[in-house]
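Reader: I'd like to go through the charged pairs in this one, then a loop residue. Can we start with the terms?

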Amino acid sequence: DSMGIINNLFGNATSVDVAKLKEEFAMVMIEGEDIECAYEIFRDKWVFTNKRLIMLNVQGLTGSKREYHSIPYKSIKHFAVETGGTFDGDCEMKIWLSGSSDPFQKEFGKSVDIRAIQRVLAKYVLESHSCKSRFATQKKISQCLHNKKIYLPLQRRLRQLLPSSIG
């Protein structure tokens, strides 16, 4: 489409048909991993799956050299999206990873629903962080169960609340 070509010329990402990418990314995806949405700028792609963000960097004149940068959602500390304005319709996304002060950045054309991308990212980033938090809480409670200083009635109640595999 002509809008996609114009956006690429200005360096803005445009959405990609997920069905077309399934075969292209099959060799780097794991069982149970599905593509939620994807965007491309020239030959490079940002692919959001239900497990991670895959950034494909196509290199060289022929495009035969490819770098797949995989970012598990649990390593994303925070992110920001900027919607387009009246005079500047382009949108932008920034993603900060743990251990890095500089974000990954990508500009999107005005035809891209940046809020939909934000929802996909929020869903998986927040789920991955809440799972880590639940596990840490269960681990702390499990450690308390083995502490002899805790009263027996409290130990019995905690054992009832915890899954048997953890207590």
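Author: Buried means under 20% relative accessible area, exposed means over 50%, and partly exposed is in between. This is a predicted model.

Reader: Where does Glu 24 fall, buried, exposed or partly exposed?
Author: Glu 24 is partly exposed, because its relative accessibility is 22%.

Reader: How many salt bridges does the structure hold?
Author: Four. In one of them, Lys 45 meets Glu 24, with N to O at 3.5 Å. That pair links distant parts of the chain, with Lys 45 in strand β3 and Glu 24 in helix α2, 21 residues apart.

Reader: Is Lys 45 buried or exposed?
Author: Buried, at 11% relative accessible area. Lys 45 also forms a salt bridge with Glu 40, at 3.9 Å between the closest N and O atoms. A network of salt bridges links Glu 24, Glu 40, Lys 45 and Arg 66.

Reader: And what does Glu 33 pair with?
Author: Arg 52, with the closest N and O atoms 2.7 Å apart. Glu 33 is in the loop between α2 and β2 and Arg 52 is in strand β4, so this bridge ties together parts 19 residues apart in sequence. Glu 33 is buried at 6% relative accessibility, and Arg 52 is buried at 15%.

Reader: Changing topic. Where is Asn 50 found?
Author: In the loop between β3 and β4. Beyond its neighbours within four places in sequence, Asn 50 contacts residues including Glu 33, Tyr 73 and Tyr 124.

Reader: Which backbone atoms does the Asn 50 side chain reach?
Author: Its side chain reaches the backbone oxygen of Gly 32 at 3.1 Å. A polar atom of that side chain also lies 2.6 Å from the backbone nitrogen of Asp 34.

Methods:
Residues are numbered from 1 along each chain as its sequence is written. This is a predicted model: local features need pLDDT of at least 70, side-chain atom pairs count only at pLDDT 80 or more; totals for chains, interfaces and linings use all residues. Side-chain values use heavy atoms; hydrogens and water are left out. Helices (H or I, at least four residues) and strands (E, at least two) are DSSP runs, numbered from the N terminus. Contact means heavy atoms within 4.5 Å. A polar contact is a pair of N or O atoms within 3.5 Å; within protein, one must be able to donate a hydrogen and the other to accept it, and residues adjacent in sequence count only if both atoms are side-chain atoms. A salt bridge is a side-chain nitrogen of Lys or Arg within 4 Å of a carboxyl oxygen of Asp or Glu. Buried means under 20% relative accessible area, exposed over 50%, partly exposed in between (1.4 Å probe, protein chains only).
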